[in-house]
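Colleague: I have a model open and would like to learn how to read it. Where do we begin?

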Amino acid sequence: MPLEGWKMKEAVQRYARVVNVVVPGRQEILNIIARLATESAPADARILDLGCGMGDVSAAILDLNPGVSLVMMDYSEEMLRLCQERFTGCSNIQIVSRDLHKGLGEELLASRFDIVVSCFALHHLEFSRRVPLYHEIYQILTETGLFINGDMFKGNSPCLDQWEFDNLIGWMVERLKESQLDPEATFPEATFNKIKQAQMENSQLMGDKPLSIWDMYQDMKEAGFKYVDCLWKVQNLAVLAACKS
């Protein structure tokens with residue numbers, strides 16, 4: 001089943017515990033998305049956060065502009081529970097449960113948004129569902145709206161993709177050794193081979209299906225976006241943005 005791993009409460013809790021340690025440039029990615037979302041939209045913008053997870057992107061946006069209206073969507077019940085706790089009492093936030101493989105749904109398709117954001121979520125989608133989803137995003141955006149996606153990508157060539165993945169694992173080894181996390185609580189041992197194996201197993205469990213930034217560029221163009229840019233990239237992570245006109 002797609003995204004089956006995200007139904008597991010333990011997997012979500014583990015992700016929350018280690019994500020800021022083992023994801024290179026994560027805070028910078030959140031900052032880029034939040035800044036672009038708030039600086040390129042009206043003060044009272046309507047923003048849709050797809051695959052919102054624990055709500056880190058939405059929280060970063062609210063820190064910069066508390067006046068926006070946010071719809072947060074995710075598939076994982078545990079992620080949505082964490083969001084409900086985190087944003088209790090926020091009247092400008094709506095939290096929605098939905099599997100993006102089924103599209104945005106009639107209610108959202110009848111709405112309009114100034115910005116659509118996503119972070120570390122869309123690489124879980126089946127390949128056949130990506131262009132249809134991007135087209136739906138295109139439909140709900142205002143004419144001056146932006147679609148901003150920070151995500152995991154693979155190298156365009158098998159050789160470079162393998163080099164980039166091994167480079168990431170080496171970086172993770174050092175980060176785990178430097179961090180206050182107990183490696184036994186996150187990975188079997190903080191060694192290159194053990195972490196590489198654990199990362200590959202976790203990627204399969206969580207349904208990771210990354211493509212290259214060039215693939216996403218082509219998919220966004222096919223969906224109707226006139227302009228697509230890569231704003232930032234480090235290792236196997238990047239931020240892309242697309243606009244209608």
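Modeller: Begin with one side chain. This is a predicted model. Lys-209 counts as buried because its relative accessibility is 16%, and the cut-off for buried is under 20%.

Colleague: Where in the fold does Lys-209 lie?

Modeller: Look at the loop between helix 9 (192-205) and helix 10 (213-223). Lys-209 is found there.

Colleague: Which residues is Lys-209 in contact with, leaving aside neighbours within four places in sequence?

Modeller: They are His-123, His-124, Leu-125, Glu-126, Phe-127 and Arg-130. For His-124, look at the backbone oxygen: the Lys-209 side chain reaches it at 3.1 Å.

Colleague: Now the sheet. How do strands pair in general?

Modeller: Strands of a sheet pair through backbone hydrogen bonds, in a parallel or antiparallel sense. Here, seven strands form an open sheet with mixed pairing, in the order 3-2-1-4-5-7-6. Strand 3 (93-97) and strand 6 (227-234) are the edge strands, each pairing on one side only. From one strand to the next, the twist averages 15°.

Colleague: In what sense do strand 2 and strand 3 pair, parallel or antiparallel?

Modeller: Parallel, over five bridges, with strand 2 spanning residues 69-74. Take Leu-70: its bridge partner in strand 3 is Ile-93.

Colleague: Which strands does helix 6 touch?

Modeller: Helix 6 (residues 130-140) packs on the sheet and touches strand 1 (46-50), strand 4 (113-119) and strand 5 (141-152). Its direction makes about 145° with that of strand 5.

Conventions:
Residues are numbered from 1 along each chain as its sequence is written. This is a predicted model: local features need pLDDT of at least 70, side-chain atom pairs count only at pLDDT 80 or more; totals for chains, interfaces and linings use all residues. Side-chain values use heavy atoms; hydrogens and water are left out. Helices (H or I, at least four residues) and strands (E, at least two) are DSSP runs, numbered from the N terminus. Buried means under 20% relative accessible area, exposed over 50%, partly exposed in between (1.4 Å probe, protein chains only). A polar contact is a pair of N or O atoms within 3.5 Å; within protein, one must be able to donate a hydrogen and the other to accept it, and residues adjacent in sequence count only if both atoms are side-chain atoms. Contact means heavy atoms within 4.5 Å. Two strands pair if DSSP finds at least two bridges between them. Axes are lines fitted to C-alpha atoms, for helices over the stretch in contact, and angles run from 0 to 180 degrees between N-to-C directions.
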